[in-house]
Amino acid sequence: MDAIDRAIVNRLQEGFPIAAHPYREAAEALGISEEELIRRLNRMLERKQLSRFGPMYHAERLGGGLSLCAMSIPADDFERVAEQVNAFPEVAHNYQRDHRLNMWFVLATETPERIPRVLEEIERITGYQVYDMPKEQEFFVGLKFEV
Amino acid sequence: MVLSDRDYRLIEAIQDGLPLSSRPYADIGARLQMDEQAVIERIAALQEEGIIKRMGIVVRHHELGYTANAMVVWDVPDERLEEIGEQLGAQPCVTLCYQRPRRLPEWPYNLFCMIHGRDRGRVLEIIDEMIASHDLREIPHKVLFSGRRFKQRGARYQ
């Protein structure tokens with residue numbers, strides 16, 4: 001990544017024009033051409049430096065269910081359970097963390113009512129308890145990565 | 001805002017990404033039999049209502065060097081939750097700050113902050129500085145760094 005890539009990443013994490021020629025507008029603000037912006041975005045997507053280029057949705061306002069869930073899995077059973085949990089399309093991402101509760105994943109469902117059903121299903125298939133910790137209050141969301 | 005079937009089709013059509021073309025909203029419109037102006041207006045309305053939080057880049061933070069990803073959890077007395085939540089949420093290093101339910105006896109923590117850094121040692125220093133400058137020594141906390149990432153993708157809508 002060079003300085004122009006970094007400027008693109010920093011700037012376009014803050015928004016993107018909703019207008020007829022959005023790449024041209026964004027490129028002008030960055031001092032490059034529309035073609036160069038598109039070429040660089042394509043390249044960063046191909047290199048998997050970017051996960052997506054497009055909208056970030058607010059799950060709850062779209063009527064969806066969202067929760068952070070944790071499980072405590074013995075080391076020798078971790079692989080099996082990770083595979084089973086990740087196979088659920090509702091599991092959006094899953095991280096191992098260093099705590100007795102060592103598996104942490106986000107569950108995103110089409111409706112809030114689906115959350116408890118998917119949790120039960122995960123418990124039934126894996127044989128372990130799931131601790132469900134939905135967001136109760138938001139103090140700050142500003143997930144942005146300066147590069 | 002009441003979403004129409006057309007809105008849901010639009011939400012689904014762009015969830016994996018905007019076309020990387022000169023007129024992306026016209027291209028989406030062509031797929032959905034909507035004209036460019038209608039696509040622009042609906043996407044702007046969805047963003048105005050907060051259904052789209054924002055348009056733009058979603059990074060893969062690991063690939064960009066943010067490999068020290070700490071979930072810092074605190075057991076805050078209920079009567080101090082607002083105050084401490086606001087304080088921690090205002091820290092420049094904190095990328096997310098949420099209240100979540102305790103799950104006693106296994107899990108006593110009710111305030112969750114994420115700190116994404118490039119280096120574990122530096123992230124731990126930042127946490128120590130935060131504790132010192134906000135007088136949080138009395139508040140039990142734990143730092144859970146992420147180990148392996150098994151899956152990362154956004155939620156799906158259809």
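A crossing of two helices is called left-handed if the near helix is turned anticlockwise from the far one by less than a right angle, and right-handed if clockwise. With that in mind, let me take you through this structure, which is a predicted model in which local features need pLDDT of at least 70, side-chain atom pairs count only at pLDDT 80 or more, and totals for chains, interfaces and linings use all residues. Residues are numbered from 1 along each chain as its sequence is written, chains are lettered from A and ligands numbered from 1 in the order in which they are written, and side-chain values use heavy atoms, with hydrogens and water left out.

I start with two helix pairs in chain A. Helix H4 (residues 78–86) and helix H5 (residues 114–126) of chain A pack at an angle of about 150°, with their axes 10 Å apart, and H4(A) passes H5(A) in a right-handed crossing. Helices here are DSSP runs of H or I with at least four residues, strands are runs of E with at least two, and both are numbered from the N terminus; axes are lines fitted to C-alpha atoms, for helices over the stretch in contact, and angles run from 0 to 180 degrees between N-to-C directions. The contact, meaning heavy atoms within 4.5 Å, is made by Arg80(A), Val81(A), Gln84(A) and Val85(A) of H4(A) with Ile122(A), Ile125(A) and Thr126(A) of H5(A).

The axes of H1(A) and H2(A), for their part, come within 11 Å and cross at roughly 120°. These two helices are therefore oblique to each other, given that angles under 35 degrees count as roughly parallel, over 145 as roughly antiparallel, 65 to 115 as roughly perpendicular and the rest as oblique. H1(A) also passes H2(A) in a right-handed crossing, and the residues in contact are Ala7(A), Ile8(A), Arg11(A) and Leu12(A) on H1(A), and Ala26(A), Ala29(A) and Leu30(A) on H2(A).

Which residues touch the most other members of the largest nonpolar core? They are Leu37(A), Leu41(A) and Tyr25(B), in a core of 41 residues, where a nonpolar core is a set of buried Ala, Val, Leu, Ile, Met, Phe, Trp, Tyr and Cys residues joined through side-chain atoms within 4.5 Å. Buried means under 20% relative accessible area, exposed over 50%, and partly exposed in between, with a 1.4 Å probe and protein chains only. The largest share of this core, 5 residues, comes from H3(B). Leaving aside neighbours within four places in sequence, Leu37(A) is in contact with residues including Ile8(A), Leu12(A), Tyr23(A) and Ala26(A).

Now to some backbone details in chain B. Most residues other than glycine have a negative phi, and most peptide bonds are trans. Yet the peptide bond from Leu104(B) to Pro105(B) is cis, with omega near 0°, and Pro105(B) lies in the loop between strand E3 (94–99) and strand E4 (111–117) of chain B. Gln33(B), in the loop between H2 and H3 of chain B, has a positive phi near 55° and counts as exposed at 77% relative accessibility. Asp135(B), which is not a glycine either, has a positive phi of about 55°, and its relative accessibility of 54% makes it exposed.

Finally, Phe150(B) sits in strand E5 of chain B and, at 21% relative accessibility, counts as partly exposed. Not counting residues up to four places away in sequence, Phe150(B) touches Phe78(A), Ala82(A), Asn86(A), Asn94(A), Tyr95(A) and Gln96(A).
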